[in-house]
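This report looks at how the chains of one model are built and how they meet. The sequence and structure are shown first, and the description follows.

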Amino acid sequence: MLSFALTILLDGISYGMVLFIISVGLTVTMGLMRVINLAHGAFAMIGGYVAGYLTQHGFEFYLALVLATLVSGFLGGLCEMTVIRPLYRKGELAQVLLTIGIVFVVTALITEIFGAFPYRVEFPTYLTQPVDIGFRTYPAYRLFLILVGGLIALILWLLIEGSLYGAKLRAAVDNAGMARAVGMNVNLLFTATFIIGTAFAGLGGAIGSGILSLEPSYALKYVVLFLVVVIVGGEGSFKGSFVAAMALGIIDTTGKYFVAAAAPYLLYGAVFVLLLWRPQGILPPKSLA
Amino acid sequence: MTTLTPKSLPASGLGTMAAGQLSFVGHALPWAIAVVFFFVAGGYLSFGTQVLIWILFALSLDLALGYAGIVTLGQAAFFGLGAYAAGLFAIHASSDPVVGHLVAVGVTALFGFVTGALILHTTGVTFLMLTLAIVSIMFEYANQATKLTGGDDGLQGINVAPLLGVFEFSIFGQTAYVYALVVLFFWFVFSWRVVNSPFGRSLDGIRQKPARMRAIGTPVWRRLLAIYTLSAAMAGSAGALSAHSTSFVGLSVLSLVTSGVVAVILILGGIRRLYGAFVGATIYLLVQDWSAKVSPYFWEFIVGLMLIATVLFLEGGLMDLGRVGRNFLNRIRNRADVK
Amino acid sequence: MKKWLSGVCALGVIAMTGTASAETFKIGLIASYTGAFATWGTQFQNAIEAFQAINGKAVKGPKGESIDVQLVYRDAASAGPDKAKQLAEELVLREKVQMLTGFELSPHAMAMADISTQAKIPVVIMNAATASITRGSPYYVRTSLTLPQWAQVIGTWAAQNGIKKVYTIISDYAPGHDAENYFHKSFKAAGGEIVGADRTSLRETNFAVYMEKALQAKPDAVYMFQPGGSPSISFVKAFSERGLKQAGIKLLGNGEFAELYLPHFSDDVIGTISVNHYTETNARPENKVMRDQLTKQFGEKGVTDIASVAAWDGMNLIYTALREHGASADGLKYIDAMKGKTLASPRGPIMIDPEERDIVQNIYIRRIEKVGGKLTNVDIATVPMVKDPWKIDNPVKK
């Protein structure tokens, strides 16, 4: 019984880690810049396809991951400086539509280049097999996800809580006007944050492709999931999105296990109830709480 | 249609023509085109019916999103509910299209009222996510409840009796077209009166400064609920038209894509001017029909670029092209004068 | 001026001789060339072009007249059936087509019922596999399959081949329900036991939980039904990752493992057993003719699948009907000509059921093996001339 509960927990956490790695960038940018960015999934998809292309063409797996992360971050930065920046002054509607526009363009380009079929990232063999973890055998891939996700969470936590960049970031999330008034270069901060956010999305898209599989419709299909993590966790709340991602992963997994018939409603039902109860999310940053 | 100048803008640059005359021509033009189309369309009549239905659907969104500033991605919930209600009513109760239509409108209005009452106190992304959640749950339900809805196979066996007992719905589509046109005209006149009433003006205020409106005693939440319910009823009406004219309801009426497309249509055409829906739906469906024949993924690419360009350069949608063009010409002329 | 006139005259002459020497018969094909089902349109069209390259673009009618068979292709764009219906109306009213064909999706095919009856247009369905469809209109003929044909055969086969307990995991939509229903029924009837059944949401790609449940139920096999593409690929991945394969549990599937999709799977898929009515690598001469022609015309993109074979046989049926009745017969005449026809198809022998206008065909059980370094379906059993089980269970009410 214990081993069974542990299995469900591992399944839930590993799934939650993928959601966390991809969504964490979105949470920070949405909290910081107040931009509804529906194109976030597109950057995750780009990272996935880059890693897929490289691994299929003989590149070493980890090198491919690094390159995928860099490409996503680079394109993200480019995007922020050209089309996202004018959005800061516009309303939600403009933000939703423009970022959907980006999704369409990226989806069309990916289909044109890679075709409509699903696309595969070649993982090293040791990640595609079950390993013995004492009480049972368990997919190595999922353990890998938990490891990487945990590492990223730790690094980000240190960065946000302990560095000057983090202090600035928290200040700007809480009150951008005040941050600007005390002489911070908020524009630069925005661009840097966007680059970091999309880079993580790219990494998540690549290593998470074993669960959220790559295909041209990826960007539109999963973006709702990423938004859910951000909104439920509370926009701009790093801890909130970690908690929300884990919670969603575990709820989804246990839900499917025990009430499979209700599985499709589970996610949206949970979101619906949660948001009616706490419209600002579970752990909103101070300025919003 | 782009020459049409909406009432809210000054009728500048058109010289001697009086504003009244101009607005009469402006109003008559789209309807005249719609009537003429009936006689010249031939095999394209059912395409015309689709355009009319999408116009009505986009019009419903214009009320909520354009006038009241309710940013929703769940409009397909009402369109789909209206379509299923009309279809199911035709199968299980009565095949009379008018009764079925009224029932569908009533059901969606009620649904809009209830969901609106639940979620309208939230704003921004939270509201957006709630509308997404509602439409997704409905989609999943319609997909699972194969006994009721036919699921992925769609709702089969809708039998529609002749309209008013006389006009049959045939493959030539005349009845469906006229029926859709009349319904659209009714809703348009209704919306026109609503947005130009004191109630409509107060929505303007709510959109721009809800806190201030609340401060001067406007019942903001109630006003929003009223317009949301009206918008739902109209979308349901469009859904019912779709079910009756094709005697079929597919799952896609409840998909997120449907919600997205209707927003795209409205934005392309121009929000907050009612006729934006006309321009948007016509151009969107025409370009889609044409470009899908040219190259597969071209269409998606073009729509994406159009969206980005509209947001960045053309805030009023395609209906703004005339004004933007005039401004541009004026600027060039001024520059020439300076030289 | 003179040049212009003579040009017009020449055109006139061409037009006149054109009508005098040959009649034309127009067929409208509606299928998706874009969107989620984009492969179908191209697969249909390629096979039809290949068929016409071998059998000619003209047929000799009953009076020895030559009939040009012209295809008009339209993209249903993976959109709703209202789109398909609108295209059909345009084809019938503007292009004056006398027959409709294509239709990879059941809702699209079903939406043709009143057009075909009102305009007396025969509809040759080249995929849409929901069993009840052909009852929708007397003008429907189907050359593809029905889902119960697949599910029933593999259910019975499994029970008779040492598989006693099965866990089923199907995608939660109408075709999945059909598959689940007929698999359960036939497997139990042949003495098997269903130890668990799950339905997964339509676009699920995270199957870990379902695999865990299946693993705990200790079945001999898992029966799956998922849409082709990413869901089935993720499914197989989760199946082997979770150790079900190592635990000796067999995987049973359907059309997810067509040759077209196999290159997108990893080697985990080896050993999977699937049911189908067309094994792409079969050695029949008819199959060789079709495959060689497609390769010749389309190179690497000439891979054949159930779409190609249904389009090929559909054209064959249409040509037969035209030979008997010429280019201007009543719609039902063509349908009558197709009823009861037997053909040597690239898939094996087929027959059009004279009462139901639906296909009767061999169903094959195959195992995925690596042949010459390539993942390949290899036949391991054949059930001859299977009639749609749903129609046997639901006879026409008289």
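## The contact between chains A and B

In this predicted model, the contact between chain A and chain B draws on 32 residues from chain A and 27 residues from chain B. On the chain A side, at least two residues each are supplied by helix 4 (92–114), helix 10 (223–233) and helix 12 (263–277) of chain A. Helix 4 of chain A gives the largest share of that side, with 15 residues.

Sorted by class, the side of chain A that touches chain B consists of 25 nonpolar, four polar and three charged residues.

## The fold of chain B

Chain B contains 14 helices and zero strands, and its pattern along the sequence accordingly reads α-α-α-α-α-α-α-α-α-α-α-α-α-α. Of its 339 residues, 53% count as buried. Among the contacts in chain B with a separation of 6 or more, 76% are made by residues 24 or more positions apart.

## The contact between chains C and B

Chain B is also touched by chain C, where 32 residues of chain C are in contact with 30 residues of chain B. The elements of chain C that give two or more residues to this side are helix 3 (81–93), helix 4 (106–110), helix 5 (113–119) and helix 7 (174–189). Helix 3 of chain C provides the largest share, eight residues.

By class, the side of chain C that touches chain B has 16 nonpolar residues, together with eight polar and eight charged residues.

Strand 9 of chain C, which spans residues 221–225, is mostly covered, with five of its five residues buried. The cover extends to both faces of the strand: Ala221(C), Tyr223(C) and Phe225(C) lie on one side, Val222(C) and Met224(C) lie on the other, and all are buried.

Two parallel pairings involve this strand. Strand 7 (residues 165–171) of chain C is joined to strand 9 of chain C by five bridges, and the two run parallel; here Ile169(C) stands opposite Met224(C) of strand 9. Strand 10 (residues 250–253) of chain C pairs with strand 9 of chain C over three bridges, likewise in the parallel sense, and Leu252(C) of strand 10 stands opposite Tyr223(C).

Together with helix 9 (residues 230–241) of chain C, strand 9 and strand 10 of chain C make a right-handed β-α-β unit.

Key
Residues numbered from 1 in each chain as written. Chains lettered and ligands numbered in written order. Predicted model: local features only at pLDDT ≥ 70, side-chain atom pairs only at ≥ 80, totals over all residues. Helix = DSSP H or I, 4+ residues; strand = E, 2+ residues; numbered from the N terminus. Buried ≥ 20, exposed ≤ 12 C-beta atoms within 10 Å, placed from the backbone. Contact = placed C-beta atoms within 7 Å. Nonpolar A, V, L, I, M, F, W, Y, C, P; charged D, E, K, R; others polar. Pairing = 2+ DSSP bridges. Right-handed = clockwise from strand over helix to strand, strands pointing away.
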